[in-house]
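Q: I have just opened this entry and would like to go through it step by step. Could we begin with how far the model can be trusted?

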Amino acid sequence: MDSDDEFNSSQVSDDDFMEDSDAVLDEDSDFEMEENDVGFESQDKDIKPTKQAYEVDFTVYNPTQIQSHQEKQIDEVSSILGQPPESTAILLRHARWNKERLIDQYMEKTEETLESAGLGQDAVAHPPKIEKIKGFVCDICCDDSPDLDTFAMKCGHRFCSDCYKQYLFTKIKEEGESARIRCPGDGCNRIVDFKSLDLLVSSDLRDRYQELLTRLYVDDKENLRWCPAPNCVYAVQCGVRDKDLPRTVPTVHCDCGHFFCFGCTLNDHQPAPCSLVKKWMKKCEDDSETANWISANTKECPKCHSTIEKNGGCNHMTCRKCRNEFCWMCMGVWSEHGTSWYNCNRFEEKSGSEARDAQAKSRASLERYLHYYNRYANHEQSAKLDKDIYLKTEKKMTQLQNSTGMSWIEVQYLDAASQALQQCRQTLKWTYAFAYYLARNNLTEIFEDNQKDLEMAVENLSEMFEKPTDQLQGLKVDMMDKTSYCNKRRVILLNDTAENLKSGNWEFNTSLA
Amino acid sequence: MFASKRLSKELLKLQDKLPPGITLVKADNFEEWQMDIRVMDDNPLYKDEVYRLKFSFSQSYPIEAPEVTFLRTPTTPIPWHPHVYSNGIICLDLLDRQGWSPVHNVESICVSLQSMLTSNTKKERPPGDENFVRYNTQRPRDISFVFHDNQV
């Protein structure tokens, strides 16, 4: 595969591209690729290419839509159960929005189901109301004025309505509770229903309550997730379940622009599956800096493999743990050093070379980890720098518009390039975590070729990006080509990994569970 | 306003009549009160001892639970109990958000603590007491205790 040539040519021809992808993709996706290739449309974000192997189906919903989903389901179940909507809502929330189970339960044991959700019989016959009761003393504020407004639900725990309101206010505003607020009575499990709430609370509190209910709805539904981006109000629906996660990496794209994994809600981490991401992050948290230091500053005791830092003194080492005496220089046993103490020139001796071999082996695994970690961290770092670049890009775009008289639309290629860079770096970063857990075989080699191609494409584009503004105009065509090439390499890599993940072709050196 | 109205009523009642073994020590304001409790039967763990309780009330008492801890003074030690840390922090579901009901009051808390002590036979501190006492910087209401043991 002559990817180098492709970089340097100003145009990536379809044929070259085909050759490349042949090695990696099966017939179907190859065909798709060809279609996308025509006219380099993939750099245009408005034109959605046909679905790639690494993409999943998902829908983004705004709060109003989520609200109406709830209402629709409540209406539907309400007509089946013959319960008023507000009671149905409580029942559904109690059953965590599992319609089928709720209907089954309700049909079998109506009274029990109602009771466990905090709804006794005849909620229909006697709607909640505020009353004045003669001789009443409120157990919360101890007020006993005769004209006190009081309220009680079916459980009969009666309090003055001011106290009830204060109680609900605290629960909703301060404790963020919604669907499962219980009666203030001691040990009472009755849940405050929406009608009672309506009667007692002010409208702004009701809005907050509604918001909390919606939040709970999304939390309860397995196929809905909130977008984790700060201040984002959208939720994403996706059919991927937890059990599918070893076979797919469901990256979704929220309308707010944030890419995240539906499985674990972390930032997009394709191509690595969630379980590897989790393992990798844990490993990095524990290991990376320490491992670096260990590698640079220590050796291991040839006998018990304790890690030893030599912080002064002579070459005669005595392991504090196993009392083994050895030479720091050649790692051989000290007793063989005879009288040539403190001046080791015995590198060729057998005991020493064996010890060094063993050490090399154990260090190799550390080195291997560091190899992948450093590349992972490098792309992470570069991705951060890309954010700065993005800001600079905007400045450059304005400069370019002013100095050359180019129109806004004509400088958009810089924006596209910057976005491509960020996305590709994100992918590259995770390819290194992915590769760390891959077993060595032919498939892995193909993967590494893809990785290399993408990496080179990215670095080429990145380099171009740092050129002074006055040269940028002349590089426009070149830059657009490289941007589209980067995007394509990324698609190829992700399709390859996704397909093999789906069919279980990857061999990992760890379990995916 | 909310808290003081209720507390003034509670205070009137406490000054009037108290269950056996419970005495009012200090209630100068509506933020912090002190009560003394004794265990009324002859449980050897608590015999002849008096324990001081410190109640701290927030503005939204009794909607919110008060903060209740044992207070060590020259005359009052911290009682031995598997749910009482040696710095006086009490792990009792009644005092937690989940177990609290606004119907409870200072008197009922005192009675509950009395009975919590009475029924105990173990001269123990909660597991991890030493660490907790040394490192805990949270206020009792912000600690999330796990109420795994309803026997004691």
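Q: What does chain B average in pLDDT?
A: Chain B of this predicted model averages a pLDDT of 85, and 91% of its residues score at least 70. Here pLDDT is the predictor's confidence in each residue, from 0 to 100.

Q: And which ipTM and pTM does the model score?
A: The model scores an ipTM of 0.76 and a pTM of 0.61.

Q: What should I know about conventions?
A: Residues are numbered from 1 along each chain as its sequence is written, while chains are lettered from A and ligands numbered from 1 in the order in which they are written. As this is a predicted model, local features need pLDDT of at least 70 and side-chain atom pairs count only at pLDDT 80 or more, whereas totals for chains, interfaces and linings use all residues.

Q: Chain B, then. What is the strand order of its open sheet of four strands?
A: The order is β1-β2-β3-β4 in chain B, and the pairing is antiparallel. Strands (E, at least two residues) and helices (H or I, at least four) are DSSP runs, numbered from the N terminus. Two strands pair if DSSP finds at least two bridges between them.

Q: Which are the edge strands?
A: They are β1 (22-26) and β4 (67-71) of chain B, each of which pairs on one side only. From one strand to the next, the twist averages 30°; axes are lines fitted to C-alpha atoms, for helices over the stretch in contact, and angles run from 0 to 180 degrees between N-to-C directions.

Q: Which helix packs on that sheet?
A: Helix α2 (residues 106-118) of chain B does, touching β1, β2 (32-37), β3 and β4 of chain B. The direction of this helix makes about 35° with that of β2(B). B:Ser112 lies in helix α2 of chain B.

Q: Which residues of β2(B) are on the covered face?
A: B:Trp33, B:Met35 and B:Ile37 are on the covered face, while B:Glu32, B:Gln34 and B:Asp36 are on the uncovered one. B:Met35 stands opposite B:Leu53 in β3(B).

Q: How many bridges pair β2(B) and β3(B)?
A: Six bridges pair these strands in the antiparallel sense. Strand β3 (residues 51-56) of chain B also pairs with β4(B) over five bridges, again antiparallel, and B:Leu53 has B:Phe70 in β4(B) as its bridge partner.

Q: What about B:Tyr51: buried or exposed?
A: B:Tyr51, in strand β3 of chain B, is buried because 23 other C-beta atoms lie within 10 Å. B:Tyr51 touches B:Asp36, B:Ile37, B:Phe70, B:Thr76 and B:Pro79, not counting residues up to four places away in sequence. Contact requires C-beta atoms, placed from the backbone, to lie within 7 Å.

Q: Over to chain A. How many helices and strands are there?
A: Chain A has 16 helices and twelve strands. Buried residues make up 29% of its 513 residues.

Q: Which residues have the most contacts inside the largest nonpolar core?
A: They are A:Leu92, A:Ala433, A:Val458 and A:Leu461, in a core of 64 residues. A nonpolar core is a set of buried Ala, Val, Leu, Ile, Met, Phe, Trp, Tyr and Cys residues joined through C-beta atoms within 7 Å. Helix α13 (residues 412-436) of chain A gives the most to this core, with eleven residues.

Q: Why does this core lie between domain 1 and domain 2 of chain A?
A: Domain 1 (63-219) and domain 2 (274-502) both give residues to the core, so it lies between them. The domain bounds come from an automatic or database domain assignment.

Q: Which residues does the second, separate core include?
A: That core of 26 residues includes B:Val39, B:Tyr46, B:Phe55 and B:Trp100.

Note on methods
Contact = placed C-beta atoms within 7 Å. Buried ≥ 20, exposed ≤ 12 C-beta atoms within 10 Å, placed from the backbone.
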